[in-house]
Amino acid sequence: MKYNHRSSSYLTLFVMSLKVRLAHVLHRRTALKRGVRDAFGSPMLVLLAGMVAYGSVAHQQGFDPWVTSLGSVFIFALPGQVVMQEMVIAGAPLISVVLAVLLTASRFVTMSITLMPQFQHRDRGPLLYLFVHLVAMTSWAVSMRTFPSLRAKDRLPYFAGFATAVWLVSFPGTFAGYWLSEEVPGWMGYGLALINPLFFLLSFVELRSRTSLVAVLLGLILGPVTYLWDPTSSLLVSGLLGGTLAYWGVKVWGRGHS
Amino acid sequence: MSLGTSIVALILCALVTYACRAAGVMLSSRVSQTSEIFLWVSCVTYAMIAALTSRMIFLPSGVLATVPVWARLVICGVAIVIMHFGRRNRMVGALAAGVALVCTYAYWFQ
C-alpha cells in the first residue's frame, strides 16, 4: 500500500515535470514564432531592398552573379560586401581587401558582446557560435529594442526566428537584384538605396537611454568627418571616440547633477 | 579581375567577418549585462552604427550621391517627424514616406 502510494506520487511528479517541460518548450516556440512574425514587414523589406540594390550595382560593375549572391549569404554584411567588390574590381592586392573588410566588420565584435549577455545563462553555449553569424544591423537593432520586453529564456528563440527569416531573403534578394538590374526603373533605385540608412536612422528615434542617444548623436557627426580623413578606419575611430565620449560625458554630467 | 581572385576574396572576407562575430561571443562570456563594460561597449556600438548610417546618408556611394544634400536632409527630417509623432505602424509609415519622397524627386529631377 505504502509502495503504491509512493509510486503514484512519483508518477504525479513525473507528469508535473513533463508538463513544466512542455510548457517551457511551447513558450519558446511561441517566442520563435513571434521572432519570425516580427521579421515580416519593415525589417525584411529593408534587407531585401538593400540586397536588391547591391545585386543590381554588382551587375552594372560586372561582378560575378554567384560571388555576389553567395557573399550576401556568407558575409551577410552589406558594407563589407561593397568594400570587397569595389576593391577587387579596382585590382587591389588580396591582403588589403581582407584588411579593409576586417575593419568594417569590427563592429560585429561589439555588437555580439552587447547581444550575447542578454540571453539566458543556459543558452550561452556553443550553439551561439552558429547563431552569431546572423547578427547584422537589422537583427541587432530590432533585438536591442525588443529584448527588454522579453523574458531572458525567450530571447534566443526570438532572435533565432527573426534573424533566420531575415537571413534567408539575402540570397534570393541579391540574385533577383542582379538579374533585374536593367528592368528596375531608374527612379526606383533611389528608394532602394535610401531605405537602408533611413531604417537605421529611424530606429534611433526609438532609443530611450540618454547615454545611447548621446553616443548616436556623436556617431552621426563623427561618421562623415572621420571618413573624409581616412575611409578604412572611419567606423572604428568614430565608434571608439564617440562611444567613449558619450559614456564618460553622461557619467560626469550625471555625477555633477546628483 | 579574374573569377578565381573574386572567389578567394569572398572566402577570406567571409572568414574574417565571421571571426569578428565569433570574437564577440568569446569575449561576451565574461561580460555581465549590468556591468560598466557592457554599458561602454554598447555606447561604442551605437556610435559605430550611427557613424555608418550618417556616412550612407551624407557620403553615399551609389545613385543617392546625385540627390543634393539638402534634399536628402529634408527627406530624412520628414521621416523622423513621422516616426516621432506616429502611433501604430509608424516605422512602416515613416519609411514609406521617405522612399516615396526620394522616388518622386528622382522621377521629376533626374
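**Confidence, then the interface**

Mentor: Start with confidence, since this is a predicted model. Among the elements of chain A, helix α1 (residues 2-39) has the lowest mean pLDDT, at 81. Helix α3 (residues 65-74) of chain A has the highest, at 95. Chain A as a whole has a mean pLDDT of 89. In chain A, 97% of residues reach 70 or more. Keep one rule in mind: where pLDDT is low, the predicted coordinates should not be read in detail.

Now the contact itself. On the chain A side, 88 residues are in contact with chain B, and they meet 72 residues of chain B. The area buried between the two chains is about 7200 Å². Carbon and sulfur atoms give 81% of that area. Three residues of chain A stand out: Tyr129(A), Tyr190(A) and Leu202(A). They supply 10% of the area that chain A buries against chain B, more than any other three residues.

Next, the polar side of the story. Between chain A and chain B there are 14 residue pairs in polar contact, with both residues at pLDDT 80 or more. The count of salt bridges between the chains is two. In one salt bridge, the side chain of Lys251(A) meets that of Glu36(B), at 2.7 Å from N to O.

Which helix gives the most to the side of chain A that touches chain B? Helix α11 (residues 186-205) of chain A does, with 18 residues. By residue type, the side of chain A that touches chain B has 57 nonpolar, 23 polar and eight charged residues.

Note on methods: Residues are numbered from 1 along each chain as its sequence is written. Chains are lettered from A and ligands numbered from 1 in the order in which they are written. Side-chain values use heavy atoms; hydrogens and water are left out. Contact means heavy atoms within 4.5 Å. Buried area is the accessible area (1.4 Å probe) that two parts lose on being put together, summed over both. A salt bridge is a side-chain nitrogen of Lys or Arg within 4 Å of a carboxyl oxygen of Asp or Glu. A polar contact is a pair of N or O atoms within 3.5 Å; within protein, one must be able to donate a hydrogen and the other to accept it, and residues adjacent in sequence count only if both atoms are side-chain atoms. Helices (H or I, at least four residues) and strands (E, at least two) are DSSP runs, numbered from the N terminus. Ala, Val, Leu, Ile, Met, Phe, Trp, Tyr, Cys and Pro count as nonpolar, Asp, Glu, Lys and Arg as charged, and the others, Gly among them, as polar. pLDDT is the predictor's confidence in each residue, from 0 to 100.
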